[in-house]
Amino acid sequence: LTKGVKVEEVNPLIPQLVEKAKEHYRSAKKCVDEIKEKPGDVDFNFHLYYAKGNIYFRNLAVVVGPDEALEIFNQTALAWEEALKYRYKDIATEQNLEFLYREKQNMLSGANMLISEKLKNISIAKPPGQGGQKGKY
C-alpha cells in the first residue's frame with residue numbers, strides 16, 4: 001500500500017500528541033499510586049494490582065533514562081506479582097509477567113526507545129493532490 005510513496009516530512013501533530021500521552025501516563029501512574037488495597041477484599045485488590053501493573057507498563061514507553069526504566073520495570077513486576085497473590089491462576093497476569101521478564105533486556109537496554117524518539121522517525125507522505133500523478137490512487 002505504501003510502496004512507492006515518498007516520505008517527505010514528519011507530521012507536526014506527532015510531537016504534541018506524544019507529549020499529551022506522556023502527561024496522561026504519568027498522571028494515571030500518580031493516581032493509581034495513591035489507591036490503597038482494601039484488607040479482605042480479594043477481588044478489589046486483584047484488580048487494583050493488575051491495573052497498577054498495566055499503568056506502570058505503559059509508563060515504560062515514556063521513561064527518561066535507564067534508572068527510571070529499571071524502577072518502573074520493577075514496579076510493574078511487583079504489581080502483577082501482587083495481583084497473582086489474590087488470583088494465583090489468572091492467565092492474563094501470568095502472560096503479562098512472562099512477557100515482561102522475556103523482554104526485560106530490550107526494555108532496559110534502550111531497544112525500547114522512548115515513544116517520542118520512535119515517533120520522530122515516523123514520517124508521512126504528502127497529502128493527496130500535492131505531488132504524484134493525478135488519478136493514480
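## Overall fold

The protein chain holds six helices and two strands, these being DSSP runs numbered from the N terminus (helices H or I, at least four residues; strands E, at least two). Read from the N terminus on, the elements follow the order β-α-α-α-α-α-α-β.

This is a predicted model, in which local features need pLDDT of at least 70 and side-chain atom pairs count only at pLDDT 80 or more, while totals for chains, interfaces and linings use all residues. Residues are numbered from 1 along each chain as its sequence is written, and side-chain values use heavy atoms, with hydrogens and water left out.

## Nonpolar core

The largest nonpolar core has 15 residues, and those with the most contacts inside it are Y56, L60, I72, F73, L97, L100 and M107; such a core is a set of buried Ala, Val, Leu, Ile, Met, Phe, Trp, Tyr and Cys residues joined through side-chain atoms within 4.5 Å, where buried means under 20% relative accessible area, exposed over 50% and partly exposed in between (1.4 Å probe, protein chains only). At least two residues of this core come from each of α2 (42-59), α3 (66-86) and α4 (91-102), with α3 giving the largest share, seven residues.

Leaving aside residues up to four places away in sequence, F73 touches L60, L100, Y101, K104, M107 and L108, contact meaning heavy atoms within 4.5 Å.

## Surroundings of D43

D43, which lies in helix α2, is partly exposed, with a relative accessible area of 42%. The C-alpha atoms of D43 and Y86 are separated by 7.3 Å, although the two are 43 residues apart along the chain.
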